[in-house]
Amino acid sequence: MNKIEPTVATSTTPVETITVPPAQSMAEVAASRVTEAKPAEPLAASDPRKLDQLSRIEDKAARIEEKFARYEAVLTRAEASLDRSAQKVELAAGTMDFAGLREELSALRQRVSATPRFGALLLTGIVTAILTVVLTVIVLKSGVPGVLPPILPR
C-alpha cells in the first residue's frame with residue numbers, strides 16, 4: 001500500500017492572519033482531550049484516501065502518546081530512585097561521623113591509659129628529692145672549681 005503524505009491545498013482566497021495562543025502544558029492538553037472526547041464527523045465514503053491518511057495520523061499520535069507515557073514512567077521511577085539514594089547517602093554520612101568520633105574517643109582513652117599513675121609519680125618525686133639532696137651535699141663538700149669554694153668540712 002502506498003503511503004500518502006499530507007498536502008496543503010493552496011486557495012485563491014486572501015490569507016487571514018492567525019494569532020497563536022501560548023502553548024499549553026501536557027496536563028492541560030490531556031485534560032482538554034478528555035473533555036473533548038467527541039466522535040469526529042464522518043467523512044464521505046467517496047474519499048477513502050483522506051480516511052486512510054486520518055487513520056495513519058491517529059495511529060502515529062497514539063504511538064507518540066504511549067511513548068510519552070513510557071518516558072514519563074521511567075523518569076518517575078528514576079526520580080524516586082534518586083531520592084532513595086540521596087537519603088541513603090545522608091544516613092551513611094551521619095553514620096560515618098559516629099564512627100570517626102568513636103575512633104577519636106578510643107585513641108584518647110589509649111593516651112590516658114599510657115600516662116603514669118599515682119605510684120609512678122610518687123616514685124619519681126622521691127627519687128628526685130633523694131638525688132637533689134645527694135648532689136647538693138656533694139657540691140657543698142667539694143665545691144665548684146672557680147665558682148664556689150668548699151663550704152662543708154670533709
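Here are some friendly notes on the predicted model shown above.

1. A word on ground rules. Residue numbers start from 1 along each chain as its sequence is written. Because this is a predicted model, local features need pLDDT of at least 70 and side-chain atom pairs count only at pLDDT 80 or more, while totals for chains, interfaces and linings use all residues; side-chain values rest on heavy atoms, with hydrogens and water left out.

2. Confidence. The mean pLDDT (the predictor's confidence in each residue, from 0 to 100) of the protein is 79, and 70% of its residues reach 70 or more. Where pLDDT is low, the predicted coordinates should not be read in detail.

3. Overall layout. Three helices and zero strands make up the element list, and the order from the N terminus is α-α-α. Helices here are DSSP runs of H or I with at least four residues, strands are runs of E with at least two, and both are numbered from the N terminus.

4. Of the 154 residues, 2% count as buried, where buried means under 20% relative accessible area, exposed over 50%, and partly exposed in between (1.4 Å probe, protein chains only). The accessible surface comes to about 14600 Å², and 65% of it belongs to carbon and sulfur atoms; areas come from the Shrake-Rupley method with a 1.4 Å probe, and for residues only the protein chains shown count as cover.

5. Salt bridges. The whole structure holds two, each defined as a side-chain nitrogen of Lys or Arg within 4 Å of a carboxyl oxygen of Asp or Glu. Asp47 pairs with Lys50 at 3.4 Å, N to O, and Asp47 is partly exposed at 24% relative accessible area. Asp52 pairs with Arg56 at 2.7 Å, N to O; these two residues are four apart in helix H2 (residues 48-114), so about one helical turn separates them. Arg56 is also partly exposed, at 22% relative accessibility.

6. Helix H3. Do have a look at this one. H3 covers residues 118-142 and includes Ile130. Its 25 residues should span 36 Å at 1.5 Å a residue, and the end C-alpha atoms are 36 Å apart, which agrees; the expected span is 1.5 Å times one less than the number of residues. Just after H3, Gly143 takes a positive phi of about 75 degrees.

7. A nonpolar patch. Ile130 also belongs to a nonpolar surface patch of about 710 Å², together with Phe118, Leu122, Ile126, Val134, Leu135 and Ile138. Patches take residues with over 30% relative accessible area and no salt bridge, joining like charges within 9 Å and nonpolar side chains (Val, Leu, Ile, Met, Phe, Trp, Tyr) within 5 Å.
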